Amino acid sequence: MATSSVQEVLPPSLDSTSEPPTLFDGTTRLYINYQCPFAQRVWITRNVKGLQDKIELVPIDLQNRPAWYKEKVYPQNKVPSLEHDNKVIGESLDLIKYVDSNFEGPSLLPDDPEKQKYAEELIAYSDTFLKEVYTSFKGDVEKQAGPQFDYLETALDKFDDGPFFLGQFSQVDIAYAPFVERFQIFLQEVFKYDITSGRPKLAKWIEEVDKLDGYKQTKVDPQKVVDLYKSRFLA
């Protein structure tokens with residue numbers, strides 16, 4: 001699929017000393033954190049649909065959050081959240097679907113009912129995938145995380161009309177990409193575990209996702225991933 005190649009100048013993160021934007025003034029805002037994979041899901045969705053001029057990015061410093069974010073924007077005090085039509089909604093998987101359904105740009109879900117059903121199955125499984133891989137960091141990576149990457153390899157074999165989960169790039173790829181990005185970095189660096197070894201379709205999928213401009217603009221600094229995951233899971 002064609003994706004937007006707009007190169008943005010990314011705004012600085014807002015912290016406890018920052019003034020809030022003028023809320024509910026008709027501007028659509030996506031509140032994110034540059035390091036958060038859940039927020040990255042919606043950021044990718046925005047980008048690949050070419051909505052950089054329609055949805056304003058508002059990055060939040062999660063280590064020094066502005067009080068107004070919880071008080072005035074999103075009481076759950078998490079990212080991502082989307083300010084649109086005088087309301088604020090959250091949860092990354094819901095927001096992928098919301099942005100895809102409520103804004104212009106190429107659809108990220110095919111018309112084929114079989115593919116739509118498979119998309120629901122894969123997206124629903126993503127929480128299990130994350131939980132199992134995160135748990136493996138303190139256990140046996142090969143035994144615990146390995147089957148999860150085998151699951152992706154098998155899933156990528158279902159349709160042969162493209163390198164992505166549904167053949168063409170879709171909501172499913174967006175649900176998994178931010179986490180596969182981080183897991184590949186961390187598992188290789190810390191455990192010397194190559195998630196693509198013996199998994200050619202997963203290797204090709206990563207290669208193809210990496211080519212998408214709308215994704216490339218959202219990628220994280222690998223060293224920050226390693227440092228964050230070490231402090232969170234191995235300290």
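Predicted model: local features only at pLDDT ≥ 70, side-chain atom pairs only at ≥ 80, totals over all residues.
Let's start with the overall layout.

## Arg46 in helix H1

Helix H1 runs over residues 37-48, and Arg46 is part of it. Is this arginine buried or exposed? Arg46 counts as buried because its relative accessibility is 1%, against a cut-off of under 20%.

Asn77 has a positive phi of about 60° although it is not a glycine. For background, most residues other than glycine have a negative phi, and most peptide bonds are trans. At 19% relative accessibility, Asn77 counts as buried, given that the limit is under 20%.

On to the loop between E3 and strand E4 (87-90), where you'll find Asp85. Asp85 is another non-glycine residue with a positive phi, near 55°. Buried or exposed, then, is Asp85? Asp85 is exposed, with a relative accessible area of 56%.

## Tyr118 in helix H4

Tyr118 belongs to helix H4, which spans residues 113-136. This tyrosine is buried, its relative accessible area being 11%.

Not counting residues up to four places away in sequence, Tyr118 touches Ala155, Lys158, Phe159, Phe165 and Leu166. Ala155 also turns up among the buried residues of helix H6. For a sense of scale, Tyr118 and Lys224 are 106 residues apart in sequence and 34 Å apart in space, C-alpha to C-alpha.

## Helix H6 and what covers it

Helix H6 covers residues 146-155, and its buried residues are Gly146, Gln148, Phe149, Leu152, Glu153 and Ala155. As a reminder, an α-helix has 3.6 residues a turn, so residues three or four places apart point the same way. What covers the buried residues of H6? The cover includes helix H4 (113-136), helix H5 (141-144), helix H7 (171-191) and helix H8 (200-210).

Take H8 in particular. The axes of H6 and H8 come within 8 Å and cross at roughly 80°, so the two helices are roughly perpendicular to each other. In this contact, Phe149, Leu152 and Glu153 of H6 meet Pro200, Lys201 and Leu202 of H8. By class, the contact residues are 4 nonpolar, no polar and 2 charged.

## Ile206 in helix H8

Further along H8 comes Ile206. With a relative accessible area of 12%, Ile206 is buried.

Leaving out residues up to four places away in sequence, Ile206 touches Val180, Gln184, Ile195 and Thr196. The exposed Asp85 is 121 residues from Ile206 along the chain, and their C-alpha atoms are separated by 35 Å.

## Where H7 meets H10

Helix H10 takes in residues 222-234, and the axes of H7 and H10 come within 9 Å and cross at roughly 70°. These two helices are therefore roughly perpendicular to each other. On the H7 side, the contact is made by Arg182, Phe183, Ile185, Phe186, Glu189, Val190 and Phe191. H10 brings Pro222, Val225, Val226, Tyr229, Lys230 and Leu234.

How many nonpolar, polar and charged residues does the contact of H7 with H10 have? There are 10 nonpolar, no polar and 3 charged residues.

Key: Residues numbered from 1 in each chain as written. Heavy atoms only, no water. Helix = DSSP H or I, 4+ residues; strand = E, 2+ residues; numbered from the N terminus. Buried < 20%, exposed > 50% of the residue type's maximum accessible area, 1.4 Å probe, protein only. Contact = heavy atoms within 4.5 Å. Axes fitted to C-alpha atoms, helices over the stretch in contact; angles between N-to-C directions. Parallel < 35°, antiparallel > 145°, perpendicular 65-115°, else oblique. Nonpolar A, V, L, I, M, F, W, Y, C, P; charged D, E, K, R; others polar.
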